[in-house]
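Biologist: Before we talk through this model, I would like each label to be tied to the value and the cut-off behind it. Could we take the labels one at a time?

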Amino acid sequence: MPNARRAAEALEDALVQVHRRLLRRPGRFEAVVGDHRAIAAVGRVDPAAARRAMARHLGRVERWIGCRGAVPRRGPKTEGRAGR
């Protein structure tokens, strides 16, 4: 378990550093906070909509850092199939 904890801490540290760099420009903080709130709120009632909201958020971040297409848009084939 200590390795998992260290990995989680390293991931959290990396995310903090990325957010610090990305949010330096005007308007970005508000955009990210709005994205995160929408994803959390929607996820409680509509997981598929939450995935779409997260994909929009990741697309925005990719544009900001210049790595469009770096994040896969679909999960495993079994994900999101219920209710179709």
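Modeller: Helices here are DSSP runs of H or I with at least four residues, and strands are runs of E with at least two. Under that rule the protein, which is a predicted model, has 3 helices and 0 strands, and along the sequence the pattern reads α-α-α.

Biologist: What makes α2 and α3 roughly antiparallel to each other?

Modeller: The axes of helix α2, residues 28-43, and helix α3, residues 47-65, cross at roughly 160° and come within 7 Å. Angles over 145 degrees count as roughly antiparallel, and α2 and α3 are therefore described in that way. As for handedness, α2 passes α3 in a left-handed crossing.

Biologist: Which residues in α2 meet which residues in α3?

Modeller: With contact taken as heavy atoms within 4.5 Å, the α2 side includes Val32, Asp35, His36 and Ile39, while the α3 side includes Ala53, Met54, His57 and Trp64. By class, this contact of α2 with α3 has 10 nonpolar, 3 polar and 3 charged residues.

Biologist: How do you know whether His57 counts as buried or exposed?

Modeller: His57, which is found in helix α3, has a relative accessibility of 6%. Buried means under 20% relative accessible area, so His57 counts as buried.

Biologist: Why is Gly34 called partly exposed?

Modeller: Gly34 lies in helix α2 and has a relative accessibility of 36%. Partly exposed covers the range between the 20% limit for buried and the 50% limit for exposed, and Gly34 therefore counts as partly exposed. From C-alpha to C-alpha, Gly34 and His57 are 9.6 Å apart in space, although 23 residues apart in sequence.

Biologist: What percentage of the residues of the protein count as buried?

Modeller: Of its 84 residues, 15% count as buried. The protein exposes about 6,900 Å², and carbon and sulfur atoms supply 57% of that area. Turning to contacts between residues at least 6 apart in sequence, 30% join residues at least 24 apart.

Definitions and conventions. Residues numbered from 1 in each chain as written. Predicted model: local features only at pLDDT ≥ 70, side-chain atom pairs only at ≥ 80, totals over all residues. Heavy atoms only, no water. Axes fitted to C-alpha atoms, helices over the stretch in contact; angles between N-to-C directions. Parallel < 35°, antiparallel > 145°, perpendicular 65-115°, else oblique. Left-handed = near helix turned anticlockwise from the far one by under 90°. Nonpolar A, V, L, I, M, F, W, Y, C, P; charged D, E, K, R; others polar. Buried < 20%, exposed > 50% of the residue type's maximum accessible area, 1.4 Å probe, protein only. Areas by Shrake-Rupley, 256 points an atom, 1.4 Å probe, with all protein chains shown as cover.
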